[in-house]
Amino acid sequence: LRSLVGSEMCIRDRGKGLGKSEMIRVKQKGAIGVIGKIGEEAFKWAATFVLLFYYLITGNPSKGTVLLKFRYWIFTGLFFEK
């Protein structure tokens with residue numbers, strides 16, 4: 001596993017922070033808000049994999065990798081950051 005460079009660490013921290021603040025906002029809406037957010041995240045993951053596949057077949061895997069990483073960081077911020 002390679003270590004993150006400075007700019008990538010900044011993007012990771014922003015993604016996790018975005019996810020964390022989004023979960024705080026969603027929890028204010030109660031269980032319906034959280035369930036809706038889970039559905040929204042499932043859709044976004046599906047779209048991310050579609051774009052990743054597109055970038056892989058068009059010869060731009062680095063673009064797809066960045067999208068996948070950012071989606072992962074937001075996801076971890078949403079569901080695993082306290």
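Modeller: Start on the outside. Gly-6, Ser-7, Arg-14 and Ile-24 are exposed, and they sit on the face of helix 1 turned away from its buried side. This is a predicted model, so each value here is computed from predicted coordinates.

Now the other side of helix 1. Its buried residues are Glu-8, Gly-15, Gly-19, Glu-22, Met-23 and Val-26. Looking down the axis of helix 1, these buried residues fall within an arc of 100 degrees, so they line one face of the helix. The length of helix 1 can be checked too. The helix covers residues 6-27, which is 22 residues. At 1.5 Å a residue it should span 32 Å, and its end C-alpha atoms are 32 Å apart, so the two agree.

Next, the rings. A pair of aromatic rings is described by the distance of the centres and the angle of the planes. The count comes to 5 aromatic pairs. One of them joins Trp-45 and Phe-75. Their ring centres are 5.9 Å apart and their planes stand at 80 degrees; over 60 counts as edge-to-face, so this pair is edge-to-face. The pair links distant parts of the chain, with Trp-45 in helix 2 and Phe-75 in helix 3 (residues 61-79), 30 residues apart.

Stay with Phe-75. Its relative accessible area is 26%, so Phe-75 is partly exposed. Phe-75 also pairs with Phe-79. Here the centres are 5.0 Å apart and the planes are at 55 degrees, so the pair is tilted. Both residues lie in helix 3, 4 residues apart, about one turn of the helix. Phe-79 is partly exposed as well, with a relative accessible area of 28%. Ring pairs link Phe-75 and Phe-79 with Trp-45, Phe-49 and Phe-80 into a cluster.

Last, back to helix 2, which holds residues 31-57 and includes Phe-53. Phe-53 has 54% relative accessibility, so Phe-53 counts as exposed. Phe-53 also belongs to a nonpolar patch on the surface, formed with Tyr-54, Leu-56 and Ile-57. Together these residues have about 460 Å² of accessible area.

How values were computed. Residues are numbered from 1 along each chain as its sequence is written. This is a predicted model: local features need pLDDT of at least 70, side-chain atom pairs count only at pLDDT 80 or more; totals for chains, interfaces and linings use all residues. Side-chain values use heavy atoms; hydrogens and water are left out. Patches are made of residues with over 30% relative accessible area and no salt bridge: like charges are joined within 9 Å, nonpolar side chains (Val, Leu, Ile, Met, Phe, Trp, Tyr) within 5 Å. Accessible areas come from the Shrake-Rupley method with a 1.4 Å probe; for residues, only the protein chains shown count as cover. A salt bridge is a side-chain nitrogen of Lys or Arg within 4 Å of a carboxyl oxygen of Asp or Glu. Helices (H or I, at least four residues) and strands (E, at least two) are DSSP runs, numbered from the N terminus. Buried means under 20% relative accessible area, exposed over 50%, partly exposed in between (1.4 Å probe, protein chains only). Rings of Phe, Tyr and Trp (its six-membered ring) pair if their centres lie within 6.5 Å; planes under 30 degrees apart count as stacked, over 60 as edge-to-face and the rest as tilted. The expected span of a helix is 1.5 Å times one less than its number of residues. The arc is that of the directions from the helix axis to the C-beta atoms.
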